[in-house]
Amino acid sequence: MTSTANTRTSSRRLPVAAAVALAVGATLLAGCSSSSDNKSDDPLSGDKGGGSTVVVGSNNFAESILIADIYGEALKAKGVKVDYKPNIGSRETTYGLLKNGAITVLPEYNGALLAYLDPKATPKTVAATTAAIDAKLDAKLTLLEPAPAQDKDSVTVNAATAKKYNLTDKSSIADLKDAAKDLVIGGSPEFQTRQQGLVGLKSVYGVEFKSFKALDAGGPLTQAALKKDTVQAADIFTTDPTISKEKFVVLQDPQNLFGFENVQPLVYKSGLPQKGVDALNAVSVKLDTVTLLDLDAQVQLENKDPLDVAKAWLKSAGLV
């Protein structure tokens, strides 16, 4: 659990340079923000999220901005006044802003948040993950309901490998047990030595690969190697749009080797009215991994505005 979360946070969830920049009050990625109304160019400007306005923040990567837009528009549909603070940066910064009420709502990933709060925790269920977070959260904060949607590490195979070994998105990692001896797997260098990597694949699923190729943490090097068949399997994050674009197949992880990374709203308690709580919990009920993958693809591959994507999905889901 910890290793997985650290892999993710080192690549996309906790950009150190952004945290340093924010610490000195720099403006981040203004040109990359969503076109949502009332969004400030300075993610740290403005008053605290108390009173009648709910401030919805996001970290500085595309999926977080998209989910923040979904949350904000769902709140607006219930009559909640919303202001946006996109592209804030790292968890070290956003957690502090939540604690002091500068932002009210933030899309979080339960496993990565728990690893930040308690690196030694290894919960076995989503409910246990939430409970472990609650035990460590600042008293002014709370988690709302987790969505089924997860963005987590995975063992993913390319289309040719899936066809050769009759693998589908219903297949398990265990289904690679016989084929793995002929396959090369790629991922970050740490993937080779971590429990949430080759060590766990062997101990939990009995899967041993022909060899390992050190690449990056689910990034362009890994994606390209899988596409070119330099590797036949790889550690790819489950909502990466290249999965659908390249017809990669993500294998199921029934033993939860890679832990839990459910999308879950983190909230400054006194800043969100009950109708806002109900609105965000309703979003979580509807947001699953397949849906999130499709929405990410619309934003990242089709270059659609995340606000437009958010509004269209909320309408289709009956949430506005």
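**Confidence**

The protein chain has an average pLDDT of 85, and 84% of the residues reach a score of at least 70.

| Residues | pLDDT | Contacts beyond four places in sequence |
|---|---|---|
| 1–36 | under 50 | 90 contacts |
| 40–50 | under 50 | 29 contacts |

Where pLDDT is low, the predicted coordinates should not be read in detail. The contacts listed for residues 1–36 and for residues 40–50 are therefore to be read with that caution.

**The largest pocket**

Rolling a probe the size of a water molecule over the atoms shows where empty space is left. In this model, the largest pocket holds about 630 Å³ of space. Its lining consists of 23 residues, and those nearest the centre of the pocket are Asp 169, Thr 238, Val 250, Gln 252 and Thr 289. Two elements, β9 (249–250) and α12 (289–300), each give two or more residues to this lining. The largest share, 3 residues, comes from α12.

**Helix α8**

Helix α8 spans residues 195–205, and its buried residues are Gln 196, Gly 197, Gly 200, Leu 201 and Tyr 205. Viewed down the axis of α8, these buried residues fall within an arc of 115 degrees, so they line one face of the helix. After α8 comes Gly 206, which has a positive phi near 70 degrees.

Notes. Residues numbered from 1 in each chain as written. Predicted model: local features only at pLDDT ≥ 70, side-chain atom pairs only at ≥ 80, totals over all residues. Heavy atoms only, no water. 1 Å grid on protein atoms, 1.4 Å probe; cavity = no way out; pocket = protein on both sides within 12 Å on 5 of 7 lines; lining within 4 Å. Points joined across faces, edges and corners; volume = space filled by probe spheres on them. Helix = DSSP H or I, 4+ residues; strand = E, 2+ residues; numbered from the N terminus. pLDDT = per-residue confidence, 0-100. Contact = heavy atoms within 4.5 Å. Buried < 20%, exposed > 50% of the residue type's maximum accessible area, 1.4 Å probe, protein only. Arc of directions from axis to C-beta.
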